[in-house]
Amino acid sequence: MFSFRALLLLCACSVTLSAYAADSTEVARGEYLARAGDCIACHTIPAGKLFGGGRPMDTPFGTLYTPNISSDKETGIGKWSAAEFYTMMHTGKSRDGLLLYPAMPFASYTKVTRADSDAIYAYLQSTPPIHQPNRAHELRFPFNQRSLLYGWRTLFLREGEYKSDPTQSVEWNRGAYLVEGLGHCTMCHTAINALGGNSPSRRFEGGLIPVQNWYAPSLTSNKEAGLGDWSIQDISDLLQAGVSNRGAVYGPMAEVVYDSFQYLSDQDIHAVAVYLKTLPARSGDRVTTSAAVNEEKNRLSPLGKKIYDSQCALCHATQGQGKLPDFPPLANNQSIQMTSSVNPIRMVLNGGYAPGTMRNPKPYGMPPFAQSLSDEEVAAVVTYIRTAWGNHGTPVSVREVNDLRSAPLY
């Protein structure tokens, strides 16, 4: 027969277990949302300790170093409250009121709901504490004057949680919330102007990623990566598996898929694809070529074809048709023909792999040719690939290749 004291202990244990279960659920949800926000990519050095910070970000204004956001009470955010964390996400102001540099995508994270912010906070507080002091930024004058950020914020920050569009479906709104908020996709796929902000009139029109020297293609132009003629399945496959019938992701997007998108549910990936599919198409994408451009193409293409036939055709096939799903086609490939030639140059120089994901655990890769091909040879083969088989890209100069030889790999 139970005593009254035993009954009290049993009730107390039940409450404790229920609270633990609730906390565990909140932490798990926070981990999922932190994945959606790709927090690992910036706040963890490759092969470093989780959320220990210190990753350098080279920008046109100098070098920023990401902060420690582990649960460490001295060097991380272990002493922060959930309200202070939400304020940082929502306003771009640190716990002590310090204005954050916009390499932290708070202009997107401001759209994150308080409930989701609290869940991410709970997850970060559950991670192992990493005692690693934050490193001071190395910014040139006058960009090291944080007071200038007031002007930036006036121009580019619009505080406020995401508001659903009642004219759209629940799925579309979920996709918009993930893309515009946690996913902060505009950070890369919208060009950064001279003031270090994204131009609202050029949303998703693509641009160079100065931190990593890769080009994020336009999602509104069918000349680049416009999704107008993509199927929802092709978009979903590329985001979640890293490969699809339309090609594969490399460079910074491979990191996004590896650290973030592969962990999202099928429903959320589908919602993202639905939203991206509705981005307005940009008109006026006409290809024009001059006599000088044609002359350079004719000069480089014979050497480029020779190199392609000996080094590339085994995998990508003689007419550039590729061998799906392992080796993407180069003929009629939008990523090859984009206005910017940065990405194909970097792939030839540095090689690379599509991300190893749960849906594509053993990806095929491309070897680097930086050591075996000269600048002239790289320019020739990339020019050939961009202009052969009906492709409408422009020739690549030797100088463009040389400038990218020293670009950071990460």
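## Cavity

A search of the whole structure, a predicted model, finds one cavity of 30 Å³ or more. On a 1 Å grid over the protein atoms alone, a cavity is a set of points where a 1.4 Å probe fits but cannot get out, and a pocket is an open set with protein on both sides within 12 Å along at least five of seven lines. Grid points are joined across faces, edges and corners, and a volume is the space filled by probe spheres set on the points.

The largest cavity holds about 30 Å³ of space. Its lining (residues with an atom within 4 Å of a point) is made up of Ala36, Leu178, Gly183, Phe261 and Leu264. Four of these are nonpolar, one is polar and none is charged. Here Ala, Val, Leu, Ile, Met, Phe, Trp, Tyr, Cys and Pro count as nonpolar, Asp, Glu, Lys and Arg as charged, and the others, Gly among them, as polar.

## Model and confidence

Residues are numbered from 1 along each chain as its sequence is written, and side-chain values use heavy atoms, with hydrogens and water left out. In this predicted model, local features need pLDDT of at least 70 and side-chain atom pairs count only at pLDDT 80 or more, while totals for chains, interfaces and linings use all residues.

The protein chain has an average pLDDT (the predictor's confidence in each residue, from 0 to 100) of 88, and 90% of the residues score at least 70.

## Second largest pocket

The second largest pocket contains about 900 Å³ of space. It is lined by 40 residues, of which His43, Pro67, Ile69, Ser94 and Leu100 are the closest to its centre. The lining divides into 22 nonpolar, 10 polar and eight charged residues.

At least two lining residues come from each of helix H2 (39-43), strand E2 (62-65), helix H3 (82-91) and helix H5 (114-126). Helices (H or I, at least four residues) and strands (E, at least two) are DSSP runs, numbered from the N terminus.

## Helix H3 and the cores

Phe85, Tyr86, Met88, Met89, His90 and Thr91 are the buried residues of H3; buried means under 20% relative accessible area, exposed over 50%, partly exposed in between (1.4 Å probe, protein chains only). They pack against helix H4 (106-109), H5 and helix H6 (149-156). After H3 comes Gly92, with a positive phi near 75°.

A nonpolar core is a set of buried Ala, Val, Leu, Ile, Met, Phe, Trp, Tyr and Cys residues joined through side-chain atoms within 4.5 Å. The largest has 52 residues, and Phe85, Met89, Ile120, Leu124 and Leu276 have the most contacts inside it. Another core lies apart from it, with 26 residues including Val378, Ala388, Val401 and Ala407.

Tyr101 is in the loop between H3 and H4 and is buried, with a relative accessible area of 13%. Tyr101 and Trp152 are 51 residues apart in sequence, with 9.5 Å from C-alpha to C-alpha.

Most residues other than glycine have a negative phi, and most peptide bonds are trans. Phe141 and Pro142 are joined by a cis peptide bond, with omega about 5°. Ala317 has a positive phi near 75° and is buried at 8% relative accessible area. Trp389 has a positive phi near 60° and is partly exposed at 22%.

Methods:
Contact means heavy atoms within 4.5 Å.
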